[in-house]
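Hi,

Here is the structure I promised to pass on to you.

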Amino acid sequence: VSSFSEIDGGAICVSNGHVTIESSSIAASNSVQFGGVVYITAGTLVVKVSTIEASMAQGGQGGCIYGAGGTVVANGSSITNSKTEYGAALLVYGANVALNNSTI
């Protein structure tokens, strides 16, 4: 997947929902504000055996994933090669995070 958003979440924006990314690859996604790939508020994001890379949040927060509340879980995944001012791979505010056998 390669994508662009003018606001939040270059590929995925979640509010009060549940998203599972499994056995997938997301690359070259960008957003103007927060979360180059995923922007999540008060929901759950589960990344299983997947690769998220080469993303950018131009607004400066959460190159790959921006979490404001909710839960972010990565199992056996790789979140790499991203750029932003704060939290190149992952930036969370008031969110629960679990990283299991993953690379950031």
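Let me start with the disulfides: counting pairs of cysteine sulfur atoms within 2.5 Å, the total comes to 0. The sulfur of cysteine 13 has its closest cysteine sulfur in cysteine 64, at 16 Å, so that pair is too far apart for a bond. Cysteine 13 is exposed, with a relative accessible area of 53%, whereas cysteine 64 is buried at 0%. Here buried means under 20% relative accessible area, exposed means over 50%, and partly exposed is in between (1.4 Å probe, protein chains only).

Before going further, some housekeeping. This is a predicted model, in which local features need pLDDT of at least 70 and side-chain atom pairs count only at pLDDT 80 or more, while totals for chains, interfaces and linings use all residues. Residues are numbered from 1 along each chain as its sequence is written, and side-chain values use heavy atoms, with hydrogens and water left out.

Now to the sheet. It is open and has 4 strands in the order E2-E6-E10-E13, with parallel pairing. At the edges are strand E2 (12-15) and strand E13 (90-93), each of which pairs on one side only. From one strand to the next, the twist averages 5°; the axes behind such angles are lines fitted to C-alpha atoms (for helices, over the stretch in contact), and angles run from 0 to 180 degrees between N-to-C directions. Strands (E, at least two residues) and helices (H or I, at least four) are DSSP runs numbered from the N terminus, and two strands pair if DSSP finds at least two bridges between them.

Going across the sheet:

- E2 and E6 are joined in parallel by 4 bridges, and cysteine 13 stands opposite tyrosine 39 in E6.
- E6 and E10 also pair in the parallel sense over 4 bridges; threonine 41 has alanine 68 in E10 as its bridge partner.
- E10 (residues 65-68) runs parallel to E13, with 4 bridges between them, and isoleucine 65 is partnered by leucine 90 in E13.

Strand E6 (residues 38-41) is covered on both faces: Val38 and Ile40 on one side are buried, as are Tyr39 and Thr41 on the other.

Finally, the surface. Val97, Leu99 and Ile104 make up a nonpolar patch with about 250 Å² of accessible area together. Valine 97 lies in strand E14 (residues 96-100) and is partly exposed, at 38% relative accessible area. Patches take residues with over 30% relative accessible area and no salt bridge, joining nonpolar side chains (Val, Leu, Ile, Met, Phe, Trp, Tyr) within 5 Å and like charges within 9 Å. A salt bridge is a side-chain nitrogen of Lys or Arg within 4 Å of a carboxyl oxygen of Asp or Glu, and areas come from the Shrake-Rupley method with a 1.4 Å probe, where for residues only the protein chains shown count as cover.

Best wishes
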